[in-house]
Amino acid sequence: MERDLYGPDHEAFRETVRAFLTKEVLPHHPRWEKDGVVDREVWRSAGRQGLLGMAVGGEHGGGGTGDFRYSAVLIEEFARAGASGLALSLHNDIVGPYLTRLADDEQKRRWLPGFTSGDIVTAIAMTEPGAGSDLQGIHTTATDQGDHYLLNGAKTFISNGILADLVVVVARTTPEGGRAGQSLLVVERGMRGFERGRNLDKIGQKAQDTAELFFDDVRVPKENLLGEENQAFTYLMGNLAQERLAIAVGAAAAAEEILDVTTRYVKEREAFGRPLAKLQHIRFEIAEMATETAVTRTFLDRCVTEHSQGRLDAVHASMAKWWATELQKRIVDRCLQLHGGYGYMSEFPVARAFLDSRVQTIYGGTTEIMKEIIGRSLLG
């Protein structure tokens, strides 16, 4: 079935994204995977191509559109290319809304021009070594010192953690913390006491820098408080739907791509004197996966439409996230099996997809958390 989600402008943007991937990303991605981090200059290249800050106002160099479909196009193309290193969606769709919705005019003038040009790379620091998905269990503290906060604590699994110039940090600003006692503070590169730990050695997404962050008596000026004090939990809950939808969109596109790769493979690969595609079991496997991805795509396109119109709720975003990421994991595993021994070789796309996909059901809220959100909405 023909998709009707996108118009001509979105498809023109898709061509821009594909050209950027072909020229600026894919030739360098193997080296980035060895280095564990992308080149800094590729962020500036993305800014020059209009791939950063599509939702940021034109006065700050952005695209000036709140249409999430442009983000969805970018996410789909990066997922299909297997380009996991350059975390543009994290920058645009996860950190971006905090800056565009919560920053005051002075903060926007300070941060958004660099955000859209690629001179400022961003990250968000929620997860802690002992808290995981439990946002109410955060221990990082920010003590009011009059004209500044004194920030102490540690974060882990922070994407863009090595490259980030600006980190939105979730911290306790009351002794009890929890829902009513957390705030968002913007920590900038060079602040005394802000240190980066290891670039963490992951099993997949090797080109994406993921770090530990440490805060030891970091003086964060009151001018770097994002939004109102003690309102972080509300802000986080409001933005998580877009984060989860973005992950779901990428998961579905990645599943479709690896299924296409595998379909071509079984047509060409011979066993017992004939192509694998002539075996009934293979045909059934491909048929099942094609149906699952088609059904998932239909639901996700509806979610993207709802979100672009401001109507997507947390429950349906959670449905999208857990279903699409679990589907991706199943599809990649089944496709690897159909490749036989070659599927276990690192140079084959299906092997890299197998490793890169595993985290999808974990970050952005685990599958179990997604089911809990859905279950509570239905059962109280």
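Q: Which residues line the second largest pocket?

A: A pocket is an open set of points on a 1 Å grid over the protein atoms alone, with protein on both sides within 12 Å along at least five of seven lines; lining residues have an atom within 4 Å of a point. Here M1, E2, R3, D4, R80, E256, A294, R297, T298 and D301 form the lining. The model is predicted: local features need pLDDT of at least 70, side-chain atom pairs count only at pLDDT 80 or more, and totals for chains, interfaces and linings use all residues. Residues are numbered from 1 along each chain as its sequence is written, and side-chain values use heavy atoms, with hydrogens and water left out.

Q: What classes of residue does the lining of the second largest pocket have?

A: Ala, Val, Leu, Ile, Met, Phe, Trp, Tyr, Cys and Pro count as nonpolar, Asp, Glu, Lys and Arg as charged, and the others, Gly among them, as polar. The lining has 7 charged, 2 nonpolar and 1 polar residues. Helix α8 gives the most to it, with 4 residues.

Q: At what angle do α8 and α9 pack?

A: Two packed helices are described by the angle between their axes and the distance between the axes. Helices are DSSP runs (H or I, at least four residues), numbered from the N terminus. Axes are lines fitted to C-alpha atoms over the stretch in contact, and angles run from 0 to 180 degrees between N-to-C directions. For α8 (residues 280–308) and α9 (residues 314–339) the angle is about 160°, with the axes 10 Å apart. α8 is therefore roughly antiparallel to α9 (angles under 35 degrees count as roughly parallel, over 145 as roughly antiparallel, 65 to 115 as roughly perpendicular and the rest as oblique).

Q: Which hand does the crossing of α8 and α9 have, left or right?

A: A crossing is left-handed if the near helix is turned anticlockwise from the far one by less than a right angle, and right-handed if clockwise. The crossing of α8 and α9 is left-handed. Contact means heavy atoms within 4.5 Å; the residues involved include F299 of α8 and W323 of α9. They divide into 14 nonpolar, 3 polar and 5 charged.

Q: How do α4 and α7 pack, and at what angle?

A: α4 (residues 68–81) and α7 (residues 232–268) pack at about 40°, with their axes 8 Å apart. That makes α4 oblique to α7. The crossing is right-handed. Among the residues that meet are R80 in α4 and E256 in α7, and both R80 and E256 also line the second largest pocket.

Key:
Helices (H or I, at least four residues) and strands (E, at least two) are DSSP runs, numbered from the N terminus. On a 1 Å grid over the protein atoms alone, a cavity is a set of points where a 1.4 Å probe fits but cannot get out, and a pocket is an open set with protein on both sides within 12 Å along at least five of seven lines; lining residues have an atom within 4 Å of a point.
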